[in-house]
Amino acid sequence: MDYEAMFRGSLAELRGEGAYRVFADLERMVGAFPRAIYRRDGVAKVVTIWCSNDYLGMGENPQVLGAMHRALDRSGAGAGGTRNISGTSHAHVMLEAELAALHGKPAALLFNSGYASNWATLGTLGARLPNCVMFSDELNHASIIEGIRHSRCEVRIFKHNDVADLRAKLAAVEARVPKIVVFESVYSMDGDIAPISDICDVADAHGAMTYLDEVHAVGLYGHEGGGISELHGVRDRLTMIEGTLAKAFGVVGGYIAGSRDLCDFIRSFASGFIFSTALPPSVAAGALESIKLLRRDGRRRARHQNRVSLLRKKLDQAGIAHLENPSHIVPIMVGEPRLCKQMSDRLLDLHDIYVQPINYPTVPRGTERLRLTPTPQHTDEDIAKLVDALIEVRSSLVPTSQQGRVSRNGRPLTRTRSAHRTGSEHRKPSAETVEATV
């Protein structure tokens with residue numbers, strides 16, 4: 001077999017359908033976020049980032065950086081090994097205690113990423129609980145799906161945020177069988193929010209554990225930044241809460257929070273935890289400082305929500321359709337991969353605005369989009385410039401005949417082929433339509 005030819009052929013297919021991904025060479029500048037230096041073909045310029053998951057700009061916070069510098073000087077660059085051998089530092093112990101307190105749980109356990117925490121925890125639970133059946137929302141993240149697949153347990157997929165469908169699927173499984181309902185609070189591509197309390201009601205009625213992924217909500221919602229579960233007052237009803245340190249907290253890493261026995265069970269049996277080198281103490285110290293800051297001061301969250309509200313208002317005034325949702329994620333639906341990439345390139349080349357196109361397999365084919373994520377650091381002028389740029393790009397690239405109709409789920413009606421299931425997310429076409437401007 002000509003392996004290299006196979007590689008080239010697969011990449012050519014990606015390019016042909018407009019789904020090939022190009023990384024932008026960006027250099028973040030401390031004190032200037034959301035500005036960054038963009039380099040291409042030997043030329044550098046300053047651009048404004050509109051798609052960062054550093055939702056609150058905590059990655060450049062002076063107190064967070066100070067904590068990391070002090071830990072680096074005190075403990076060095078690396079952790080020295082896995083947590084089981086020589087990699088557990090005092091910073092790890094303090095961070096886990098802070099995360100447990102953030103979510104009102106007895107314990108927490110750190111991982112190297114949110115992906116790893118989902119993969120290792122769900123993979124271990126599904127494999128170790130005898131005859132376990134997992135009930136997974138159809139739009140759950142790829143890391144959740146990979147964790148469930150790795151466990152080789154039975155899985156029943158329920159319709160997105162559909163409590164009635166979940167109830168029916170739970171009722172079809174014998175009461176004595178171990179069950180786990182796995183879902184997210186804020187879904188990162190559409191920005192919609194799960195009915196957590198209703199899901200807990202159904203899970204409790206059928207003796208199921210609940211596993212909530214809060215990665216796109218921690219730090220951003222709730223009085224102390226504990227996520228949607230804190231905001232809605234339901235965190236005590238959840239068996240497990242999973243989160244990340246890499247988004248609103250601005251550093252890197254993932255975690256779960258739950259009972260002491262549950263966290264100890266994962267610590268003792270999850271290969272993804274046991275055999276991974278621990279996060280550097282400096283990273284743990286920075287995350288700890290970030291969480292402490294956001295727990296005691298809600299002004300960044302308030303400013304963040306203000307920026308989201310203003311952006312949506314300005315988009316509405318300009319007639320630029322965005323997928324409506326109650327969260328901070330603002331998707332501009334495009335629906336065609338080449339057009340999505342062209343719009344992104346034009347924003348970057350002509351307007352110094354960086355918004356990475358979101359194409360398959362991150363989202364289903366036919367739902368390609370520009371995903372905007374305002375931050376507290378985006379000014380009124382930044383928002384006005386972005387909206388003006390989107391108006392120009394739309395008029396230059398989108399035919400007038402295609403500037404009208406999108407379905408309620410955000411899929412442009414100019415595309416007739418239904419979305420394919422990607423393995424992580426899919427959405428059925430809606431029969432209803434509305435008039436809007438793409």
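This is a predicted model: local features need pLDDT of at least 70, side-chain atom pairs count only at pLDDT 80 or more; totals for chains, interfaces and linings use all residues.
**Overall form**

The chain contains 14 helices and 16 strands. Its radius of gyration is 22 Å, which agrees with the value near 22 Å that a compact globule of 438 residues would have. Along the principal axes, the C-alpha atoms occupy a box of roughly 60 × 55 × 55 Å. Of the 438 residues, 55% are buried. The accessible surface of the chain comes to about 18,800 Å², and carbon and sulfur atoms supply 52% of that area. Where contacts link residues at least 6 apart in sequence, 72% of them join residues at least 24 apart.

**Strand E14**

Strand E14 spans residues 369-372 and is covered on both faces. Arg-369 and Arg-371 are buried on one side, while Leu-370 and Leu-372 are buried on the other.

E14 pairs with strand E11 (residues 330-333) in an antiparallel arrangement through four bridges. Strand E13 (residues 357-358) is also antiparallel to E14, with two bridges between them. Arg-369 is a point of reference for both pairings: Met-333 stands opposite Arg-369, and Ile-358 likewise stands opposite Arg-369.

**Backbone geometry**

Most residues other than glycine have a negative phi, and most peptide bonds are trans.

| Site | Feature | Angle | Location |
|---|---|---|---|
| Phe-33 to Pro-34 | cis peptide bond | omega about 15 degrees | Pro-34 in the loop between E1 (25-28) and E2 (35-40) |
| Tyr-360 to Pro-361 | cis peptide bond | omega near 10 degrees | Pro-361 in the loop between E13 and E14 |
| Arg-152 | positive phi | phi about 60 degrees | loop between H5 (142-151) and E6 (154-158) |

Asp-41 counts as exposed because its relative accessibility is 74%, the cut-off for that class being over 50%. Arg-152 is exposed as well, with a relative accessible area of 78%.

**Surface patch**

Which residues form a nonpolar patch on the surface? Met-1, Tyr-3, Met-6 and Phe-7 do so, and together they have about 480 Å² of accessible area. Tyr-3 belongs to helix H1, which covers residues 3-16. With a relative accessibility of 52%, Tyr-3 is classed as exposed.

How values were computed
Residues are numbered from 1 along each chain as its sequence is written. Side-chain values use heavy atoms; hydrogens and water are left out. Patches are made of residues with over 30% relative accessible area and no salt bridge: like charges are joined within 9 Å, nonpolar side chains (Val, Leu, Ile, Met, Phe, Trp, Tyr) within 5 Å. Accessible areas come from the Shrake-Rupley method with a 1.4 Å probe; for residues, only the protein chains shown count as cover. A salt bridge is a side-chain nitrogen of Lys or Arg within 4 Å of a carboxyl oxygen of Asp or Glu. Buried means under 20% relative accessible area, exposed over 50%, partly exposed in between (1.4 Å probe, protein chains only). The radius of gyration is taken over C-alpha atoms; the globule rule is 2.2 Å times the number of residues to the power 0.38. Contact means heavy atoms within 4.5 Å. Two strands pair if DSSP finds at least two bridges between them.
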